[in-house]
Amino acid sequence: MKVGLFVPCYIDQFYPQVAVATLQLLEKQGCEVVFPLNQTCCGQPMANSGFANLAKGCDRNFVENFDGVDYIVGPSGSCVLHLKEHLHDGNNEAKATYIRQHVYELVEFLVDVLKVEKLPSSFPHKVGLHISCHGQRGLHLSSMSELVAPPFSKPEKLLSMVKGLQLSKPARMDECCGFGGTFCVFEEAVSVKMGKDRVGEHAANGVEYITGADTSCLMHLEGILKRQGSTVKTIHIAEILNS
Amino acid sequence: MQATTKNHAQLSEAFIADEPRTDWHDETLWFVRSKRDKAVHQVPEWELLREWASAIKNHTLSNLDNYLVDFERNANANGVVVHWASNASDHNNIVLKIMRDNQVKRVVKSKSMLTEECHLNPFLIENGIEVVDTDLGERIVQFRNEPPSHIVLPAIHLKKQDVSETFHEHLHTEKGNNDPQYLTEAARQHLRSKFIASDLAITGVNFAIAETGGFVVCTNEGNADMGAHAAKIHIACMGFEKIIPKLEHLGVFLRLLARSATGQPTTTYNSHFHRPRNGQQMHIVIVDNGRSKQLGRPEFRNSLKCIRCAACFNTCPVYRRSGGHSYHTAVAGPIGSILNPNIDMRANADLPFASTLCGSCSNVCPVKIDIHDQLWKWRQVLVAEGYVANGKKLGMKGMAFVLAYPKVYRIAGKMGRWVMRVLPFVTNNKLLNPWYKQREMPEAPKASFRDWYRKNRGGS
């Protein structure tokens, strides 16, 4: 099984350890992983700001880079959802379609495709789970509090395999953190207030770490935690699963 | 409405400046959302009901021409006068004419978001009519000369202390007496006198049933009934999307509406109006005011399925922390953000951006409007039509250029990280960098993942 590792631009630049953990995790599961070196961005920052027409260059570049792999896997629910919903390439629509249908967020790939049932990981810490909206409501990584439907959670399933990990869930288990892409700067006041409220709930639960499947949410929460001088740290779920 | 040219971001920043009050507002509305959750989890067929409601509304929107004409014919046969208004001004003039024709001076009104949309109150007052809102929350905001901040809970932005002060000023209640029972009793006595003295009652319409020509008004306070029963003339105002085909469809919507709105199994009063009593006049004003235009926008037409339950307000993490007035429109919240750009794109260009696209709104919507997808689509329309600031456009073009070319991206990334490490004051600037105002920047590592990969796994 040939997996193309999709590393979103801001992870490549600011959180290389998340990409390293993702790569190693997939390799340990026996995947043949390639990292196409000319990949850049999924185009979501432009599209979500209303400039989907400016994302065509990103789309073209993405399709060129990820042609010829069986699956495309990335450690970011939001970017993956964007690709699933909006990736098109007028010159290579068949390839774009293949990518849309075979691009996976890491957690769903581990649970649904690789059907991972146990992991050798160990992380003896109290960890708060942050559910990202696009991963949850978009990719259905877990059941949603608004719907009358049976409960399930793919990230929890994986975290339950980690030795020593004590999982803590906030009362508002799927409230948005307020990152929201460019929302975080154009609606700075609301964005930060939402983030402070999320962080507050986890801190009150006495967690050492906040984890999740979306680095963008974690980057926003980390910025707030650091400004507050908090001892709570953020860590991507790939890093825990690879520990 | 509010005389303001400030946008949602600016108005919400002012709201959040009082953080304890923002927390109180957030928790109050979250309580309503939680009540809704409890109520809907007691209905195993909830998702099926939503599916049915959506299907009935979609069908109705595709056959509106027939159903509206059926409704008019059946209402006429019941002795109801039906008026058609193509816009807000027509609506207001029709209502005023009925008043003038009958020498009416005093009017009571139950909650109607349509009349808020049409700015009926100020129009009537300018024309010498006394208008009293009889929904308690609406009366409170009317006293304060404010627009409602929520379509179901119009005064939800106010605390009991605020209400006490307002009533002290207008109803001469005891200063500093914040007892809710005392205050509501004062409002009750005050409103009774208005009901008795009024010549004409205006109500909204929750559902208009094509096959019977009847309509249903849902209130928790019974104020619509009190007004309509005491007055010689009843005018019911409705947007044309309020129609449902048959009486048998009503149960689906009534089961969804109150549970979604407040977590009640049903609204306290679901009042059915069919025909005027002896000696009474009954009028229905059916209003377009941009709805035909929205019906003609394939990507946005199903926003007209809305039954105004406000579940999307209560669940919206942005609304809860920014307050209804930050949306500067009659209908706030996520649904308002997809309805209002249709009415005025320039004035409401900020609203589709007042969302993180978290999608909770679409999940609670009892008629399954894809609200967050429509917010995304409105962003595309607003940009294409040129309603987004030039600075943002330039920034986006720059970003798109960098990200479209791998070499440019690599150099820019490297330079950016270098600047953040070596010259942190460039990005760590609270005035120029909104991120940094209340958040630290991420640490910039020396090597990107790509650098690591090349070093550790080879490749060029």
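This report walks through a predicted model with chains A and B, from domains to strands to single residues.

## Domains

Chain A is divided into domain 1, residues 2-113, and domain 2, residues 126-241. Their centres, taken over C-alpha atoms, are separated by 22 Å. The two domains touch: 24 residues of domain 1 of chain A are in contact with 21 residues of domain 2 of chain A. On the domain 1 side, α1, α2, α3, α5 (77-86) and α7 of chain A each give two or more residues. That side holds 14 nonpolar, eight polar and two charged residues.

Chain B also has two assigned domains. Domain 1 covers 43-289 and domain 2 covers 391-457. Here the centres, again over C-alpha atoms, are separated by 54 Å.

## Where the chains meet

The contact between the chains takes 58 residues from chain A and 58 residues from chain B. Which helix gives the most? It is α12(A), with seven residues. By class, the chain A side has 34 nonpolar, 14 polar and 10 charged residues.

## Strand β3 of chain A

Strand β3(A) spans residues 71-74, and both of its faces are covered. Tyr71(A) and Val73(A) are buried on one side. Ile72(A) and Gly74(A) are buried on the other.

β3(A) has parallel partners. Strand β1 of chain A, residues 2-5, pairs with β3(A) over three bridges.

Leaving aside neighbours within four places in sequence, Val73(A) is in contact with Val3(A), Leu5(A), Phe6(A), Leu26(A), Tyr104(A), Leu106(A) and Phe109(A). Val73(A) also belongs to the largest nonpolar core, which has 202 residues. Val73(A), Phe215(B) and Cys312(B) are the residues with the most contacts inside that core.

## Helix α7 of chain A

Helix α7(A) runs over residues 106-113. Leu106(A), Val107(A), Phe109(A) and Leu110(A) are buried in this helix. Their cover includes α2, β3, β4, α9 (154-159) and α13 (237-241) of chain A. In general, an α-helix has 3.6 residues a turn, so residues three or four places apart point the same way. Just after α7(A), Lys115(A) takes a positive phi of about 50 degrees.

## A sheet in chain B

Chain B has an open sheet of four strands in the order β8-β5-β6-β9, with mixed pairing. Why do β8 and β9 of chain B count as edges? Each has a single partner strand, so one side of each is left without a neighbour in the sheet. Strand β5(B), residues 207-209, runs parallel to β8(B) and is joined to β8(B) by two bridges. Within this pair, Ile209(B) stands opposite Ile244(B).

Helix α12 of chain B, residues 250-261, packs on the sheet. This helix touches β5, β6 (214-219), β8 and β9 of chain B. Its direction makes about 175 degrees with that of β5(B).

## Two single residues

Lys126(A) lies in strand β5 of chain A, residues 126-129. Is Lys126(A) buried or partly exposed? Lys126(A) counts as partly exposed because it has 15 C-beta neighbours inside 10 Å. Beyond four places in sequence, Lys126(A) is in contact with Gln166(A), Ser168(A), Gly206(A), Val207(A) and Glu208(A).

Asn278(B) sits in the loop between β9 and β10 (281-287) of chain B. With 5 other C-beta atoms within 10 Å, Asn278(B) is exposed.

| Pair | Apart in sequence | Apart in space |
|---|---|---|
| Lys126(A) and Asn48(A) | 78 residues | 34 Å |
| Asn278(B) and Lys232(B) | 46 residues | 9.6 Å |

Terms used:
Residues numbered from 1 in each chain as written. Chains lettered and ligands numbered in written order. Predicted model: local features only at pLDDT ≥ 70, side-chain atom pairs only at ≥ 80, totals over all residues. Buried ≥ 20, exposed ≤ 12 C-beta atoms within 10 Å, placed from the backbone. Contact = placed C-beta atoms within 7 Å. Nonpolar A, V, L, I, M, F, W, Y, C, P; charged D, E, K, R; others polar. Pairing = 2+ DSSP bridges. Axes fitted to C-alpha atoms, helices over the stretch in contact; angles between N-to-C directions. Domains from an automatic or database assignment. Core = buried A, V, L, I, M, F, W, Y, C linked by C-beta atoms within 7 Å.
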